[in-house]
Amino acid sequence: QPAHHRVNITLPENTLHLIDGLVGKGDRSRFIDTSINHYVRTTTRSKIREALRRGYRASAEIDRTLAAEWSTLDPEAWPRA
């Protein structure tokens, strides 16, 4: 089991009330830990997805150009398997 460290954080009162309304005072640490881990995993995945989307968009014009160039070749010139 990973080591646990006591930290002192400051939260707005309404945030603390939200946490306590969901999990109660005894489970604050677990809730905060779970929430942070979920946020990091979700954010990381969404950043990866967005990077892939940007890459696809950036290469789309090149892909269309290559497809157009190759489509003009005579299919009879290609050896058959």
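Tutor: A patch here is made of residues with over 30% relative accessible area and no salt bridge, where nonpolar side chains (Val, Leu, Ile, Met, Phe, Trp, Tyr) are joined within 5 Å and like charges within 9 Å; the accessible areas come from the Shrake-Rupley method with a 1.4 Å probe, and for residues only the protein chains shown count as cover. The model is a predicted one, in which local features need pLDDT of at least 70 and side-chain atom pairs count only at pLDDT 80 or more, while totals for chains, interfaces and linings use all residues. Residues are numbered from 1 along each chain as its sequence is written, and side-chain values use heavy atoms, with hydrogens and water left out.

Ala68, for its part, is found in helix α2 and counts as partly exposed at 42% relative accessibility. Between Ala68 and Ala3 there are 65 residues in sequence and 59 Å in space, taken from C-alpha to C-alpha.

Helix α2 spans residues 28-71, and within it Arg54 and Glu50 sit four residues apart, about one turn of the helix. Their side chains meet in a salt bridge at 3.9 Å, N to O, a salt bridge being a side-chain nitrogen of Lys or Arg within 4 Å of a carboxyl oxygen of Asp or Glu. Arg54 is partly exposed at 48% relative accessible area, and Glu50 is also partly exposed, at 28%. Salt bridges that share partners join Glu50, Arg53, Arg54 and Arg57 into one network.

The structure holds six salt bridges. Among them is the one between Asp20 and Arg28, at 2.8 Å, N to O, where Arg28 is partly exposed at 25% relative accessibility. Another joins Asp27 and Arg30 at 3.7 Å, N to O; Asp27 is partly exposed at 34%, whereas Arg30 is exposed at 59%.

Helix α1, residues 13-23, is hardly covered, with one buried residue among its 11, and Gly24, which follows α1, has a positive phi near 85°.

For the chain as a whole, the secondary structure comes to two helices and zero strands, where helices (H or I, at least four residues) and strands (E, at least two) are DSSP runs numbered from the N terminus. The chain is more spread out than a compact globule, because its radius of gyration is 26 Å, well over the 12 Å that the globule rule gives for 81 residues; this radius is taken over C-alpha atoms, and the rule is 2.2 Å times the number of residues to the power 0.38. The C-alpha atoms fill a box of roughly 75 × 30 × 20 Å along the principal axes. Of the 81 residues, 2% count as buried, and the chain exposes about 7,800 Å², of which carbon and sulfur atoms supply 59%.

Methods:
Buried means under 20% relative accessible area, exposed over 50%, partly exposed in between (1.4 Å probe, protein chains only).
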